[in-house]
Amino acid sequence: MAVVVNGKIRKHTALLAVSKFGTIIGMLIMYLAFSIAVPHIFPTWKNMVNIANQATLAAIISGGLTMALIVGEMDLSIANVASFSGVLVTGLMVQSKMPMGIAIPIVIAISAGIGIINGLIITKLKVNSVVATLGTGSIVIGLNYAYAQGVPIASGLPESFKQLSLGKFIGIPNNIIFMTVVLFALWVFINYTEWGIQIRATGGNPSAARLSGIRVDRIKIMALAIASVCASITGILLASLIGSGTSGAADGYLMPAFAAVFLGSATLKDGDFHIVGTLIGVFFIGIGFNGLAIFGVPTFVQYFFRGGVLILAVGLSSVARIMATK
Amino acid sequence: MPLEESEVAIMDAPGKRTAVPLLRIAGLSKSFGGVRALSNVNLEVNPGEVHGLIGSNGAGKSTLIKILSGDIARDSGEIFLEGLPLYVSNPQEAYKLGFSFIHQELNLIPKFSILKNLTLGLRKKTRFGLIDWKSVQGEVLQVVAKVGLTQSLDTPVEELSVADQWLVTIAHALMRKIKIISMDEPTASLSAEESERLFKVIHDLTSEGIAVLYVSHRLDEVLALCDGISVFKDGKCVLTTTRKEATKNILVEAIVGGQVSDTSRQTPPNVQSQAVVMQLTDLCKGRKVNKVSLTLHKGQVLGLGGLVGSGRTELANLIFGVERPDSGSMTLEGKPYTPKSTNDAISNGVGLVPEERRTQGLILKGSVDFNMNLTNLSQLRIHPASPFLSKRKFALVSNAIVNKLRIKTPSIHTPVVNLSGGNQQKVVIGKWLSRDLKVLIMDEPSRGVDVGARAEIHAKIRELADAGASIIVISSDNEELPHICDTVLVLSEGRITGELTGGEITKEAILHKSYEHASL
């Protein structure tokens, strides 16, 4: 070990910190700024619960997307799967008179099927995942309209279904519990199970994974199935929250989900997708949206924020990383 | 084809003792977060000189090259090009000043033709705003002739052999006026004959006054080719010498910093009397593997020699279940063996250390721990019935292997990308040490690995065989096979053209058989 000029090490460490904690620091700055700007509304417990509650649905779909991105594949069909799930679950309950306890597992199973089909197209037909999931996404929209003709399914929904997302359990909104359970399960899965490790290995280097005896195709299919299932859970909870199955209800989740996962990949790790990062990314966007909404800024500013923040956060951390290693 | 060894070895570079050296490096130092990668390095290179840079992986050669190319910034020290101080902050600037850098992984675009690759990044003549390919082609042909490429310029480079791809890369450098060209391990994946061709090209370059920085682990080559030689160890330039003064022993001692233990075999055990572990009969796959039959005994180290592209890797892929044979059969311990996947092969007790450690052997961003246990996940469960894995068992296994193979790493949680080549290779080998293997195939086990690590890997291969595993070693380094193998089969054009045992296994014999055409 050699002695290196102090200032240099300090600069190096600072840059590394920026690259790893940039999103968290940004989030704190945003939190402080909003707290100072609208002190009586923003930093209240009620608003915090509100932010968390709003973030839950995005967190679940983003958590699933994280699995697909870790294995190295894009999934652009998730939002369509979520919308379809909302329509299908309400339709099964209202039109087919199915009890909730049967309708939900059926919808989740169908979504898993869509994910498996995505995976098969990507691994067996060797179609690029962007193209494959764009295609299946469009087909899923078609299924959605074929099933409900684009008419919202609202009346006749059982109260228990609405309570699914509106209800509370020991004072905590159900949605927050769902989110915690799903993300914790994903975190354990990716870090502490054989399949999880194999998903990471496959994403890291598919040919090395294959030569280590990992069934790369199966692992990819599994990751895409998980992405679809998580999207489906988000779609079902959204239908419960808004009290209807609406054909395009969850379509808007695609872009924020990608934003959150990529923001997360620039957090704590060097550009690797990971669940904790994704959660932070979701909250980053959630806090920003909530604060801006309280401010009452026009809608277009919110979109500027979402796009701008994504590019800025990911861009800054990668620049800092390059400078730190130079 | 005859070998042309002598020419390169004898001739001296012209203009060797000019007043101002082409490149002078003085007191160059560089640290990475407290670790000294280069410390007070001095170096001089004259026009027309081939200067060898040798040393263990991680000794500082690559850092030096990266500073010259502007990929990384130096901490202190000076660099002079033709007597003028040199400051470059990115590779483009270095190129403009007459540097050219050829890395081990060639920067060619596989689907582009030779012509398009050669003109990449150069201003091309245009007519009416469109590229005038005809006149461009004229310029390119001259350069191509210089390096001895005979293929049509329209050939996509992915269809060329590795050797020809090297020539294309050199030609690309020659498309502009260059003064210094650095080559990192150019012969690592070339056959002996192809290497000779490359040496001729290098010699032609130097006769035009171009200096070559030649990074290699192959000392024989360095001694034959290089005028000046600098040996690096732990970031310092520990020895600067010339071809006339240096011997292999001097270089090895400087690299290792002491005596090297001799790992060569003492007494070859009588493996033929041992039980047969694996038998291949008339195995065929496309044009690459043609009726190959072999018998592998318990505890045997079986070498597969031959030229690059002779079908050895393809044969390994068949045994490891990466691909399925067109015809022929395999048995493992007397039972029919038809691996349907790599997973299937592994559960049958067959392992493979692949040829390319970075692209095939490792998840580079993953930690040592992560990589080492990938082949072994099901044994790391907290409880055999639980789906959850124990991080403690992970660490236990990888720490044991790190110690066993003496892998130099700050911790088992270090990403393997931060390890030196030799230690990375040990991780790839280590992946197979945590489970019981019947057959381990090692494709180029010591490629791009320094002398010390190489000796350790060889010792390990022997140890594994003595413990009862059967090992197949594929190597293009013809000194390696005589060193470690009980039996060597030589392949040429997908067929076995020779079987050598015991004392018959010599570099010359392997070479001789390698050029025997199977069709005769």
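Residues are numbered from 1 along each chain as its sequence is written, and chains are lettered from A in the order in which they are written.

For the complex, the predictor gives an ipTM of 0.83 and a pTM of 0.77. Chain B has an average pLDDT of 85, with 92% of the residues scoring at least 70. Over residues 1-18 of chain B, however, the pLDDT is below 50. Where pLDDT is low, the predicted coordinates should not be read in detail.

Where do the chains meet? Contact here requires C-beta atoms, placed from the backbone, to lie within 7 Å. By this rule, 21 residues of chain A are in contact with 29 residues of chain B. On the chain A side, α8 (194-204) and α9 (206-211) are the elements that give two or more residues; helices are DSSP runs of H or I with at least four residues, strands are runs of E with at least two, and both are numbered from the N terminus.

Within chain B, six strands form an open sheet with mixed pairing, in the order β6-β9-β10-β3-β11-β12. Strands pair if DSSP finds at least two bridges between them. At the edges, β6 (99-102) and β12 (236-242) of chain B each pair on one side only. Strands β3 (residues 50-55) and β11 (residues 228-233) of chain B run parallel over five bridges, and B:Gly52 has B:Ile229 as its bridge partner in β11(B).

Terms used:
This is a predicted model: local features need pLDDT of at least 70, side-chain atom pairs count only at pLDDT 80 or more; totals for chains, interfaces and linings use all residues. Two residues are in contact if their C-beta atoms, placed from the backbone, lie within 7 Å. pLDDT is the predictor's confidence in each residue, from 0 to 100.
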